[in-house]
Amino acid sequence: MNLLNRFIDRLQQTGAATIHSFRRLGRASVFLLEVISSCVSLFVRPMLVVKQLYSVGVQTLIIIVVAGLFVGMVMALQSYYALVDFGAEDSVGVMVALSLLRELGPVVTALLFAGRAGSALTAEIGLMKATEQLSGMEMMAVNPMQRIVAPRFMAGVISMPLLATIFSAVGVMGAYLVAVQLLGLDSGSFWSQPQNKVDLHLDLYNGIIKSVVFGVVATWIAVFEGYDCIPTSEGLGQATTRTVVHSSLAILFLDFVLTALMFAK
Amino acid sequence: MISRKIEILVGLFVAAGIAAFFMLAMSVSNMSSYSSGESYEIKARFDNIGGLKVRSPVSAGGVTIGRVSDIQYNSESYEAEVSMRIEAKYNKFPVDTAASILTSGLLGEQFIGFEPGAEDEFLQSGDVIDLTQSALVLEQIIGQFLYSMSDNDDTGDAE
């Protein structure tokens, strides 16, 4: 009898956890719709977005540039050693460019973005909630959705594709430095092979579409976790952790789905 | 109010993003090879196109003069029908120009090579090239080679 009771308790816990996560998912979806509809008000106050673009985009730029440079350099080195056995070391340029534009640019940028900007957004909004600034705004008839959440969401969505393109461009430069300056490959074939193989629509545009999708998802998770957090210091810490974990997982999963949709033939 | 410095930095950030996009578009991707100007269409029929694809280059004397725009299979003549868009400035190909499917390098991509003829009339938009040479399919060549080898062996035995 005791065993049966414990079994039913377990069952109840599982059910409660499932209902809880579905409820959160539903809240998050309603929240996203609210945020998007609040974004209309940003046309009246574009300066709110500019200020957030600074803290979300510009301050993330340095980590993106450094990471892009080193990712490009490492990729050039590794693909050189793999390709030189086949006498195909001239293809280093096209290999690095394709990998960066299709996958690494959007994905690595989005992961860094979730860690650097997403966690900061969650912490900021969560602290505002914990110190009752958000309810204070409501008391003054200022809609915190329009004033706080929408500008941050918009700034994230605008920043991500810009950051991802900068990442890819810097990565290609890094690969150029290693391949041409260090390993002594011909700079003409380094640039001309990608120009033959990399397609503007298939590769460049699809990479940008990916980065926009990642930007929406990462910023959505970040602002939702902040807005929905338990307003204590512990709840805030958990929310920040959840932001990074959930957005990283969502980005990697979505990357697979998008790649399957875009590049599968 | 937001300080001037922040606005300038945001402006720089957006400009850097757009600059990076154009740098990728111009120097890494094939945007520069998208024929911006006018072009005309020529068709050619091949028995076998091998690995030729849409957007494969068309070249004359090693210079890319256009790209394959469409590939269809004609089930009446049992031939592959390849449409090519040739840049308008290369409009002086004689009507007896030969088109053959070549391979760049041993295992490289396939492309169409033009070999100009000697007629006085030039190919117009919509014309069909009659002189064509199909792609070399490695398996067939190896098969023929083995076949001729065994032939030689037979004759050698007979002598």
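Mentor: Helix axes are lines fitted to C-alpha atoms over the stretch in contact, with angles from 0 to 180 degrees between N-to-C directions. Helices (H or I, at least four residues) and strands (E, at least two) are DSSP runs, numbered from the N terminus. The model is predicted, with local features needing pLDDT of at least 70 and side-chain atom pairs pLDDT 80 or more, while totals for chains, interfaces and linings use all residues. Residues are numbered from 1 along each chain as its sequence is written, and chains are lettered from A and ligands numbered from 1 in the order written.

I begin with one pair of helices. In chain A, helix α5 (residues 144–182) and helix α7 (residues 200–228) have axes that come within 8 Å and cross at roughly 145°. On α5(A), the residues making this contact include A:Val149, A:Phe153, A:Gly156, A:Val157, A:Met160, A:Pro161 and A:Ala164. From α7(A) come, among them, A:Gly207, A:Ile208, A:Phe214, A:Gly215, A:Trp220, A:Val223 and A:Tyr227. Two residues are in contact here if their C-beta atoms, placed from the backbone, lie within 7 Å.

The nonpolar core comes next. Such a core is a set of buried Ala, Val, Leu, Ile, Met, Phe, Trp, Tyr and Cys residues joined through C-beta atoms within 7 Å. A residue is buried with 20 or more other C-beta atoms within 10 Å of its own, exposed with 12 or fewer, and partly exposed in between. The largest core has 76 residues, and A:Ala175 and A:Val223 have the most contacts inside it. At least two residues each come from α2, α3, α5, α7 and α8 (233–263) of chain A, and likewise from α1 (4–28) of chain B. With 22 residues, α5(A) gives the most to this core. Setting aside residues up to four places away in sequence, A:Ala175 touches A:Gly72, A:Met73, A:Met75, A:Ala76, A:Val92, A:Gly93 and A:Val96.

On one side are 25 residues of chain A, in contact with 21 residues of chain B. The elements of chain A that give two or more residues to its side are α2 (46–83), α3 (92–130), α5, α6 (187–197) and α7. Of these elements, α2(A) gives the most, with eight residues.

Along the sequence, its pattern is α-β-β-β-β-β-β-β-β-α. Of its 159 residues, 21% count as buried. Two strands pair if DSSP finds at least two bridges between them.

Strand β2 (residues 57–60) of chain B is joined to β3(B) by four bridges, and B:Ala60 has B:Val63 as its bridge partner in β3(B). Two residues lie between the strands of this hairpin, where B:Gly61 takes a positive phi near 60°. Between β3(B) and β4(B) there are eight antiparallel bridges, and B:Ile71 has B:Val82 as its partner in β4(B). Their hairpin has four residues between the strands. One of the residues in that loop, between β3 (63–74) and β4 (79–87) of chain B, is B:Tyr78. Although B:Tyr78 is not a glycine, its phi is positive, near 55°. B:Tyr78 counts as exposed because 9 other C-beta atoms lie within 10 Å.

A:Glu132 is found in the loop between α3 and α4 (133–139) of chain A; it is not a glycine, yet has a positive phi of about 60°. A:Glu132 counts as exposed because it has 12 other C-beta atoms within 10 Å.

Finally, β5 (residues 98–103) and β6 (residues 110–115) of chain B pair in the antiparallel sense over six bridges. B:Ala99 has B:Phe114 as its bridge partner in β6(B). B:Phe114 counts as buried because it has 24 other C-beta atoms within 10 Å. Leaving aside neighbours within four places in sequence, B:Phe114 is in contact with B:Val58, B:Ala60, B:Phe93, B:Thr97 and B:Ala99. B:Phe114 is 68 residues from B:Phe46 in sequence, and 14 Å from it in space, C-alpha to C-alpha.
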